[in-house]
Amino acid sequence: MQIFPTRLRTVLNEWEIQALVMVSLSLQIILFVLGNRRKYSTSDKLSVILWIAYLSADWSATVSLSVLSNNAGNIGDNNIDPKFVITAFWAPFFLLHLGGPDTITAYSLEDNELWRRHSLTLVIQVVVAVYVFLRAWTKTALNFLAVPMFIPGIIKIWERIWVLRSASSENFKASMLRRPDPGPNYARYMEEYSSKKDEGFDVKSGKFSEAPVVGYLSFTAPENVMIPDAATLQDAFIFFKTFKQLFADLILSIQDKVNSQSFFQKASCYEAFKVIEVELGFMFDVFYTKAFKVYSLKGCLLRLISFSSTVSVLLAFFIMKKNAFSTADVIITYILLVGAIFLEIYAVLVLLTSDWTMLWLSKHKNSVVDFLYRIISSIPLPGNKRWSNSMGQYNLITYCLKEKPAKCSVIQKFFCMYELLEKNRYQDSAEVSMDLKELIFEQLRDKSKSASDLKACKELCASRGDRVLKNAKCDDCRSREKQKTHKEVELDNVLQNAKCIYEISKENRTTLEQSVDEEFDQSILLWHIATNLCYHSDWNTSPNSVNFSNCKASKLLSDYMLYLLVLRPFMLPNGIEQIRFQDTCAEAIEFFEERKSVCVGDQARIILLEVSTEIPPSKVKGDRSKSVLFEGCRLAKSLRCLEIEKKWELISHVWVEMLCYAASKCRWNHHAQQLTRGGELLTHVWLLMAHLGITEQFQISKGHARAKLIVG
């Protein structure tokens, strides 16, 4: 018994390959148009659409070639059906589709690592396409037209293999390795030393005095100032050529560090972050598109050959006789040819509006370049955004209050998706404001002045709030220290409106100091809860205080760090963040449910803050539960002893240091992977830290020792 009716099976057999070829073309259009948008979009829907399209594109082209191959095996040797001849003509188009669009060669870094598997699959599909072509050979005009169509198909396949191989970690790293450096000739030096000593001379080993390393990179003004961000593009490309080594776990020289520091310490916040975003845009192109390899003279020549071949085939097909073929097959062939030309033109337009083209134009100044720029400026494509300029937000108390009720929760629970969707429903986003960038940049620029050697860099990278607390002493405390003994200073405690943490009680100061010495995920939760409670407490008592730039920045960073902990834990140091978050939420939900009548909105936070924490929660609860809810309340109460402005200044600086700690501990591949999700503020901070010399990947601190023989 057949599952499908006879009529339906007839229709499927008749239109199977036609449907597959249209599906394949549609998937290519989706990838071409949407592939580049993931650079600046944080949309989960876009990620899902691209993931499905990326996986389905290769599948549909491969299945189509398999169907054609199967049809080729069923034809007779003497009489070949014209329908098979025209469908066999479509085989080179499937190679074009397998070559993939310029805007997305790899969906993730893992695709680059699997370049050998992709290569084998693609080569096999080329063989299958050639087999179908040979089986359909009848010396007709359409057979001869298939030959030039194989040229762009094979070019695209070769480009994809070339780009995937180049972007794999092994080859990417190998492409940047410096020449082997044996160092000074030790054996010859010792031979000369021994020879002089044997001759009776008094020989000593000395050193040449070396000049200090200074920055020597020259940032010349761009030739063509007509190009927007011309200077930024040139500066970013210079640094990109050096700092892309960070994405291969390579170390940078002391000269690289000094060159970068000399630029970024003098740059404004706007210039610094602009250079960073252009650099990361270049890195996105290297790992996930064909841009870095194809946007070259060789790539342009191959594109010209590919485009010319497709156009010539379209013209030839237009004038040839097509009486032997069905109207539907002829229309589909026209769609494939026009579609291939459209996609090539779209690829050229994307190239022309990219930073790579603008970089080239900025280096040339003549009437032809100016005319070309005016033409490019008139291209109606979306603006060349480099990243989302947004940061994820997640609030623990909002999540626990269930302020966004679930829809169809019964169905979600049935499919075991409730917890995942529940977490994502409370995810939000906010723009990375210029004030926040200023705060981060100023903090890092001050730190970079202390990044003199590797030891200092390691200390700066390891700081996660403790350095801020250590340096939080106000001028009054410093002057009193000079006049009084340590014991007398301890007695000068105030209960509120303290100017620094050294004016508050020892117990409160200990609470602050211990909060940054805990495991990192615990510190994030503690400071997130405390920041949240302080923010809403100030909102109720003095609404104007939450308009302070430090207050806004603290709230943004607090919710951002929790977003990383809950939804991007792989970007943070290893810990038990999921267990700690769940236990804290469980305790908070229990607390709010017991007081359901009064725990609504902001009032819930006030009631939480009113709970007495005189006895440390750990002494009452033990350590079986990893909840830190009331430890966070305890920290909030300690912070409330400070003046409002001083409090938010301290909180914001602690958050910046925590952000920098997380950025320095996150591996390069996680930073690189997030480039496909609109980018992460954490990645921009990581690269900015490296440019300011605050990184452990500067490990060449002295260079070669220059020894000399001193003969007495």
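How much space lies in the second largest cavity? About 100 Å³, in what is a predicted model. By class, the lining of the second largest cavity holds seven nonpolar, four polar and two charged residues.

H1 and H15 turn up again at the largest cavity. That cavity has a volume of about 360 Å³, and of its 24 lining residues, Asn36, Thr103, Val350, Thr353 and Asn384 are the closest to its centre. Two or more residues of the lining come from each of H1 (6-34), H12 (269-288), H15 (327-352) and H16 (355-362). Here the lining divides into 10 nonpolar, eight polar and six charged residues.

Glu518, Gln522, Leu526, Ser618 and Glu631 are the closest to its centre among 23 lining residues. H26 (506-515) gives the most to this lining, with four residues, while H27, H31 (617-621) and H32 (629-639) each supply at least two. The pocket lining has six nonpolar, eight polar and nine charged residues.

H27 also leads us to a helix pair. H27 (520-541) packs with H29 (577-594) at an angle of about 30 degrees, their axes 9 Å apart, in a right-handed crossing. On the H27 side, Asp521, Gln522, Leu525 and Ile529 meet Glu577, Arg580, Phe581 and Thr584 of H29. This contact has three nonpolar, two polar and three charged residues.

Definitions and conventions:
Residues are numbered from 1 along each chain as its sequence is written. This is a predicted model: local features need pLDDT of at least 70, side-chain atom pairs count only at pLDDT 80 or more; totals for chains, interfaces and linings use all residues. Side-chain values use heavy atoms; hydrogens and water are left out. Axes are lines fitted to C-alpha atoms, for helices over the stretch in contact, and angles run from 0 to 180 degrees between N-to-C directions. A crossing is left-handed if the near helix is turned anticlockwise from the far one by less than a right angle, and right-handed if clockwise. Contact means heavy atoms within 4.5 Å. Ala, Val, Leu, Ile, Met, Phe, Trp, Tyr, Cys and Pro count as nonpolar, Asp, Glu, Lys and Arg as charged, and the others, Gly among them, as polar. On a 1 Å grid over the protein atoms alone, a cavity is a set of points where a 1.4 Å probe fits but cannot get out, and a pocket is an open set with protein on both sides within 12 Å along at least five of seven lines; lining residues have an atom within 4 Å of a point. Grid points are joined across faces, edges and corners, and a volume is the space filled by probe spheres set on the points.
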